[in-house]
Amino acid sequence: MNSINPKKLLNSKWTAVMPTNKEKHFIVTEIEFDESGAVTSCLMEAVMTKRYIYINWHGLKDQENWIHGWQ
C-alpha cells in the first residue's frame, strides 16, 4: 500500500501499472477539498498526451493500479 500525505499530493508524480493509450506517467495538478478540508478527489494529467482524469485520491494507495514516482 502506498502511503500518501494529502498535504504533499499536489504536483506528485505517479506511474500507472496498466497504462491505457500509452498514458503511463501522471502528475497531480489539482486537488478538491470538502467543507471540512479533507481531500475528496484529485485531477491528474497524463504527461504524454496532456489528457486530464479525475480520480478518488484513495485509489492511489492501491499498488495494483498506481506506483508512486515515475518508474
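Select Glu 23 and show side chains: the Glu 23 side chain makes a polar contact with the side chain of Thr 49, at 2.5 Å. (A polar contact is a pair of N or O atoms within 3.5 Å; within protein, one must be able to donate a hydrogen and the other to accept it, and residues adjacent in sequence count only if both atoms are side-chain atoms.)

Before you go on: this is a predicted model, where local features need pLDDT of at least 70 and side-chain atom pairs count only at pLDDT 80 or more, while totals for chains, interfaces and linings use all residues. Residues are numbered from 1 along each chain as its sequence is written, and side-chain values use heavy atoms, with hydrogens and water left out.

**Stay on Glu 23.** Buried or exposed, what is Glu 23? Glu 23 is buried, with a relative accessible area of 3%; buried means under 20%, exposed over 50% and partly exposed in between, with a 1.4 Å probe and protein chains only. Leave aside neighbours within four places in sequence, and Glu 23 is in contact (heavy atoms within 4.5 Å) with Ala 16, Ala 46, Thr 49 and Arg 51.

**Zoom out to the strands.** Glu 23 sits in strand S2; strands are DSSP runs of E, at least two residues, numbered from the N terminus. Colour residues 13-20 (S1) and 23-33 (S2): these two pair in the antiparallel sense over 4 bridges, where pairing takes at least two DSSP bridges between strands. For one of these spots, pick Thr 15, whose bridge partner in S2 is His 25.

Next, show the whole open sheet: 5 strands, antiparallel, in the order S4-S3-S2-S1-S5. S4 (52-55) and S5 (66-68) stand at the edges with a single partner strand each, so one side of each has no neighbour in the sheet. From one strand to the next, the twist averages 35°, using axes fitted to C-alpha atoms and angles from 0 to 180 degrees between N-to-C directions.

**On to the rings.** Select Phe 26 and Trp 66. There is 1 aromatic pair here, counted when ring centres of Phe, Tyr or Trp (its six-membered ring) lie within 6.5 Å; planes under 30 degrees apart are stacked, over 60 edge-to-face, the rest tilted. The centres of Phe 26 and Trp 66 are 5.3 Å apart with planes at 85°, so the pair is edge-to-face. Phe 26 is in S2 and Trp 66 in S5, so the pair ties together parts 40 residues apart in sequence. Phe 26 is buried at 4%, and Trp 66 is buried at 11%.
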